[in-house]
Amino acid sequence: MLFSDVVAISSEVAATSSRKAKTTALAGVLRRLEPAEVATATALLAGELPGGRAGVGWSTLASLQVAAAPEPTLEIGDVAGAIDEVRAISGSGSGQRRTDALTGLLGLATEAEQRFLVRLFGGELRQGALEGVMIEAVAAAAEVPTGSVRRAFMLSGRLPATAEAALSGGEPALAEFHLELGRPIRPMLASPAETLDTALDEFTECSVEYKLDGARIQVHRDGDEVHVYTRTLREITRNVGELVALVRGLDCRSVVLDGETLALDDAGRPRPFQETMARFGAQEQRDELLHPYFFDCLHLDGTDLLDLPLRDRLKALSQVAAAHRIPGVLSPAPDDAAALFEEALARGHEGVVIKDLSSPYAAGRRGKAWRKVKPEHTLDLVVLAAERGHGRRSGYLSNLHLGARDPDGGPPIMVGKTFKGLTDELLTWQTAEFQRRATGDDGWTVHVVPELVVEIELDGVQTSSRYPGGVALRFARVLRYRPDKDAAEADTIEAVRGMLRGG
DNA sequence: TTCCGACAGTGGGGTCGCAAT
DNA sequence: ATTGCGACCCCACTATCGGAA
């Protein structure tokens, strides 16, 4: 099939807001593909680069000016091959050759195909369909239940391979996928809950566990062979020798564990997330060791446990890794759950996760069997500027620059940005207000008279080398504007710095 | 008819490795 | 040596569609 047919379908998908229409269009093209094209086309239409990221971003793309081809000639297979070539060159490290390869591909593409490729490499296809809609489309094209596709996707970790199996072999082929030692599965995620009590009310029986501020890990062991994967299924075994050694020492033949890892200080308290990430991301060993905290067991000595209820998986976890199990309580009374929450915070952790003890392991957030609760903090900050938005926020002033008050009376000190929490109504309002107060505009950012105060919710602050005050907000979002306050009543930089310890 | 779960989109701070300067 | 880029760690929130209640 011609690549231009894929691009045309993408345009059709983008043109409708109906998910059913998107699904129908995508299913239609999936059915018409040659078997060898299914994997590539599935990736392309799910907004993924076939084969994974290729070391090319917006900056590189913006620097290229390539004349478009007059007629479409590229086949789907040609595009996959060209992307693989670009990726291989990125890995070997020649910028000029990479540019040549990219230019070659774009030169064979029509204008519409070029626009598609640029958005694809940039990671922003913006056709209103990604993984979720594509799962529906694969199920429709193969005439199998969506649940079968979801499960195969969870187990294989790869949507293109899942689509290939579904379209070539139907439900029996999908049922062939199992948990394999050495192949990571997509992890189950937690969704936010309002409060601890509302989360507790959702389940008849639950587990309440610490929520740690580290990185997710999935550990596979088969005999002496150990592999460690991240939340996005990237293998990081070589980065974390201490975890490999620890898992190799567990009393079992084979196991798959799900957990979190982080670095601790000498007192056993968690180090700042930045320090955990520095250790986690570095290929060479450093002084700080990573500590694992496991909270699920998906396989033990030849038996898959995915479909068992959490309470049984936790029994297996205690059997194999009791010393490295995350702190938590089973079926606590509300007071005991609250006490555990307070204890987690007192020990420097993020909060707690509440889990349905009867739930099987299922990737994604469906069913909300896992809920997370964190304390929220707020600050009243001054709006210094706003950036123009993209996509559906085009025409609005969107991303706010936020400043804390200088107690010595100087201008506010910038501590971060946020675009979150804004409704369309608020976007409209602030765009008008900022234009009225504009003091400068570089085409990208509009600076304003620093007089509007906005109440910001955040998870905490962290040290920063980017901002002049030495601190930056973490996960900041707008709660509301404070027309009752002026800049002289905003929180000070000292108040922001005061949140560095004890969150 | 109303409610609510799942999705996509819109971006945030910070860290690493690596190539270009 | 420094800087910029790209990939990934962590992530919250709103609008919308369409099935569930």
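Modeller: Let's start with Ser59: an N or O atom in the Ser59 side chain is 3.0 Å from a phosphate oxygen of DNA strand C. That is a polar contact, a pair of N or O atoms within 3.5 Å; within protein, one must be able to donate a hydrogen and the other to accept it, and residues adjacent in sequence count only if both atoms are side-chain atoms. Before going on, a caveat: this is a predicted model, where local features need pLDDT of at least 70 and side-chain atom pairs count only at pLDDT 80 or more, while totals for chains, interfaces and linings use all residues. As for bookkeeping, residues are numbered from 1 along each chain as its sequence is written, chains are lettered from A and ligands numbered from 1 in the order in which they are written, and side-chain values use heavy atoms, with hydrogens and water left out.

(Helices are DSSP runs of H or I, at least four residues, and strands are runs of E, at least two, numbered from the N terminus.) In total 33 residues surround DNA strand C, and Gly55, Thr60, Arg216, Thr232 and Arg234 are the closest; "near" here asks for a heavy atom within 4 Å. Of the atoms of DNA strand C that come within 4 Å of the protein, 91% belong to sugar and phosphate. The class count is eight nonpolar, 11 polar and 14 charged residues, where Ala, Val, Leu, Ile, Met, Phe, Trp, Tyr, Cys and Pro count as nonpolar, Asp, Glu, Lys and Arg as charged, and the others, Gly among them, as polar.

Now for DNA strand B. It has 39 residues around it, of which His390, Arg392, Asn399, Phe419 and Tyr467 come nearest. Sugar and phosphate make up 85% of the atoms of DNA strand B within 4 Å of the protein. Lys420 instead brings a side-chain N or O atom to 3.2 Å from a base nitrogen. Elements with two or more residues on this surface are α8 (131–142), α13 (273–281), β12 (397–404), β17 (460–463) and β18 (471–474). By class, this surface has 10 nonpolar, 17 polar and 12 charged residues.

And the surroundings? Chain A is split into domain 1 (3–174), domain 2 (189–373) and domain 3 (377–497), with bounds from an automatic or database domain assignment. The C-alpha centres of domain 1 and domain 3 are 38 Å apart. There is also an open, mixed five-strand sheet, in the order β1-β10-β9-β2-β8. Strands β1 (191–192) and β8 (328–330) are at its edges with a single partner each, so one side of each has no neighbour in the sheet; pairing takes at least two DSSP bridges. Strands β2 (206–211) and β9 (351–356) pair antiparallel over six bridges, with Glu209 opposite Val353.
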